[in-house]
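Please keep the sequence and the model in view while reading.

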Amino acid sequence: MSNEDQVESQMESQHPDTKEELLLELRGKNTTRSIKDFSPDGIRLESNLEGEATGVYNATYYATITMLAKPDRTIDYEVRQIHTTSDGDTVLVYYKGKSIIESPTHNKFVGETTFQTSSKKLAWLNGIKARHEGEYNPVAGENNFRIYGKG
């Protein structure tokens, strides 16, 4: 099975089921993009973005994404976001996953998500098992995605 088929299989197997709850929907836009390195493994990139999250809380966020765009048209990534809720709480969100480049203007991605917060009201997010899935337009620098938690 090729890496592309493995990513497709992973994406198909991670659709929401009855035990999952939609926690947040996020929309973001790149503010900066940097090329970090070229190697036989691929291209290392870093992007910063800002956006909004809505759902179990409403927040603005900023983030840094580190990526390895591989020759097989897949991307391994890690994301660190800082969410500031409308109530003034801070939530740190970490993502790790894989993306597949479907066309010059469309990538799909999936992965795992964790939360950290000192907010008493949102403490239930600490340690929950969550996953995300979404789409990214590399030309426009815009992404839309959803985070699901397991009940």
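Strands here are DSSP runs of E with at least two residues, and helices are runs of H or I with at least four, numbered from the N terminus; two strands pair if DSSP finds at least two bridges between them. The model is predicted, so local features need pLDDT of at least 70 and side-chain atom pairs count only at pLDDT 80 or more, while totals for chains, interfaces and linings use all residues. Residues are numbered from 1 along each chain as its sequence is written, and side-chain values use heavy atoms, with hydrogens and water left out.

**The barrel**

Eight strands close into a barrel in the order 1-2-3-4-5-6-7-8, with antiparallel pairing. On average, neighbouring strands of this sheet are turned by 25° against each other, direction ignored, where axes are lines fitted to C-alpha atoms (for helices over the stretch in contact) and angles run from 0 to 180 degrees between N-to-C directions. In general, strands of a sheet pair through backbone hydrogen bonds, either parallel or antiparallel.

| Strands | Bridges | Facing residues |
|---|---|---|
| strand 2 (residues 42–55) and strand 3 (residues 59–69) | 11 bridges | G51 and Y61 |
| strand 3 and strand 4 | 11 bridges | T66 and E78 |
| strand 4 (residues 74–85) and strand 5 | 11 bridges | H83 and V91 |

A hairpin of three residues joins strand 2 to strand 3, whereas the hairpin between strand 3 and strand 4 has four residues between the strands, and R73 in that turn has a positive phi of about 70°.

**The aromatic cluster**

Rings of Phe, Tyr and Trp (its six-membered ring) pair if their centres lie within 6.5 Å, and planes under 30 degrees apart count as stacked, over 60 as edge-to-face and the rest as tilted. By this rule there are three aromatic pairs. One of them is Y95 with F145, which is edge-to-face because the ring centres are 5.5 Å apart and the planes stand at 80°. This pair links distant parts of the chain, with Y95 in strand 5 (residues 90–103) and F145 in strand 8 (residues 142–150), 50 residues apart.

Y95, at 2% relative accessibility, counts as buried, and F145 is buried with a relative accessible area of 6%; buried means under 20% relative accessible area, exposed over 50% and partly exposed in between, with a 1.4 Å probe and protein chains only. F145 also pairs with F109, and their ring centres are 5.7 Å apart with planes at 65°, so this pair is edge-to-face. Because F109 lies in strand 6 (residues 106–117) and F145 in strand 8, the pair ties together parts that are 36 residues apart in sequence. F109 is buried, as is F145. Y77, Y95, F109 and F145 form one aromatic cluster.
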